[in-house]
Amino acid sequence: MSALTVTYDGLAMTGRQLRRVRNSPGLAILTQMMPVNMLLFFGYVFGSALAMPGREYRSFLVPGLLVATAAGGLMTGMFQAAADTHRGVMDRFRTLPVSRAAVPLGQAVADLVVTTVGTVPLLLAGLAVGWRIEGSAVDAAGAVGLLLLFRFACTCAGIFLGLLTRSEDAAGQLGASSFVLPLLSNAYIPTGNLPGWLRTLAEWNPISAVTTALRDLFGNAPVPPDSSWPVAHPVAGSLAWSLLLTAVFLPLAVRRYAHGER
């Protein structure tokens, strides 16, 4: 099929996913408020116990929460794809003259739109507790671009896993286990004082590279010295991780959708 057909069908699938969100406003509000609650909890409870107390820690924390929320695309993509598969929606789509790439792409793009809007409450809450953008407008725009690219990559991975599991229960359990990923990164705490093997593991976590890139571009914290390559070169590391995840999981998601149970 031509690129025009894929674009047209993809926009139709994007509209379908956005209507799905509109019809579940309670779930959307709950999803957007959770990072704000985490900011208040981590910022005021953990902040008093760390070496960088108060406002300084909250400025350190906000980029980490933004990236942890973006990584949540793994869970949402997985659950939505598994729900559609389990309920037979994907089977009905396959009977239609619709591009095979349009369905996974439409879900990923719709998720990106919702994420862009949903990031606003967290940014406003961050400003309210003392976080500021200290870098230039160009750097800040680059940080937002990296954040959305990473969200898209995580959503593609989630869609493939959701199509693979084909079960809402399995996707929910597997998605809930992804909550540990930000904990094994520098999203909430610096990794400099971790044991050597754990620090290496945390710094090769894609979340750490994107978080460090946002802190650097927003001007909230410098790049940590003596870090692993993705964290020592956070912008390049973020791009590399995001493009790699997209290049691997988007074709796999399209192929899995096209083949169904085969």
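This is a predicted model: local features need pLDDT of at least 70, side-chain atom pairs count only at pLDDT 80 or more; totals for chains, interfaces and linings use all residues.
**Exercise 1. The nonpolar core**

Which residues in the largest nonpolar core touch the most other members?

*Solution.* 
Step 1: start with the membership. The largest nonpolar core holds 60 residues, and those touching the most other members are Leu 39, Phe 150, Tyr 188 and Leu 214.
Step 2: go to the helices. At least two residues of this core come from each of H2 (25-46), H3 (54-71), H4 (73-86), H5 (89-94), H6 (102-128), H7 (137-165), H11 (206-218) and H13 (234-259). H7 gives the most, with 13 residues.
Step 3: zoom in on Leu 214. Skip its neighbours within four places in sequence, and Leu 214 is in contact with Pro 63, Leu 66, Val 67, Ala 143 and Leu 147.

**Exercise 2. Asn 186**

Is Asn 186 buried or exposed?

*Solution.* 
Step 1: find the residue. Asn 186 sits in the loop between H9 (180-183) and H10 (196-203).
Step 2: check the accessibility. Its relative accessible area is 4%, and buried means under 20%, so Asn 186 counts as buried.
Step 3: look around it. Leaving out residues up to four places away in sequence, Asn 186 touches Phe 60, Thr 191, Ile 207, Ser 208, Thr 211, Thr 212 and Arg 215. With Thr 212 there is a side-chain to side-chain polar contact at 2.9 Å.
Step 4: compare sequence with space. Gly 64 is 122 residues from Asn 186 along the chain, yet their C-alpha atoms are 7.3 Å apart.

**Exercise 3. Thr 119**

Which backbone oxygen lies 2.7 Å from a polar atom of the Thr 119 side chain? Describe the surroundings too.

*Solution.* 
Step 1: Thr 119 belongs to helix H6.
Step 2: with a relative accessible area of 15%, Thr 119 is buried.
Step 3: the oxygen you want is the backbone one of Thr 115.

**Exercise 4. The largest pocket**

How much space lies in the largest pocket? Say what lines it.

*Solution.* 
Step 1: the volume comes to about 1,200 Å³.
Step 2: 46 residues line the pocket, and the closest to its centre are Thr 31, Gly 72, Met 75, Thr 76 and Arg 151.
Step 3: the helices that each supply at least two lining residues are H1 (3-22), H2, H3, H4, H6, H7, H8 (168-177) and H9.

**Exercise 5. Annotated spans**

Which residues does UniProt list as "transmembrane region"? Check two of the spans against the model.

*Solution.* 
Step 1: the unreviewed UniProt entry lists 26-47, 59-81, 102-128, 140-164 and 235-254.
Step 2: take 102-128. This span is 100% helix and 0% strand, with its end C-alpha atoms 40 Å apart.
Step 3: take 235-254. Here too the chain is 100% helix and 0% strand, and the end C-alpha atoms lie 28 Å apart.

**Exercise 6. Positive phi**

Where do Arg 166 and Asp 226 lie? Note the backbone angle of each.

*Solution.* 
Step 1: Arg 166 is in the loop between H7 and H8. Although not a glycine, Arg 166 has a positive phi of about 60°.
Step 2: Asp 226 is in the loop between H11 and H12 (229-232). Asp 226 is not a glycine either, and has a positive phi of about 55°.
Step 3: finish with accessibility. Asp 226 is exposed, at a relative accessible area of 74%.

Key
Residues are numbered from 1 along each chain as its sequence is written. Side-chain values use heavy atoms; hydrogens and water are left out. UniProt positions are given in the numbering used here, feature names are shortened, and annotations may be inferred rather than shown by experiment. Helices (H or I, at least four residues) and strands (E, at least two) are DSSP runs, numbered from the N terminus. A nonpolar core is a set of buried Ala, Val, Leu, Ile, Met, Phe, Trp, Tyr and Cys residues joined through side-chain atoms within 4.5 Å. Buried means under 20% relative accessible area, exposed over 50%, partly exposed in between (1.4 Å probe, protein chains only). Contact means heavy atoms within 4.5 Å. A polar contact is a pair of N or O atoms within 3.5 Å; within protein, one must be able to donate a hydrogen and the other to accept it, and residues adjacent in sequence count only if both atoms are side-chain atoms. On a 1 Å grid over the protein atoms alone, a cavity is a set of points where a 1.4 Å probe fits but cannot get out, and a pocket is an open set with protein on both sides within 12 Å along at least five of seven lines; lining residues have an atom within 4 Å of a point. Grid points are joined across faces, edges and corners, and a volume is the space filled by probe spheres set on the points.
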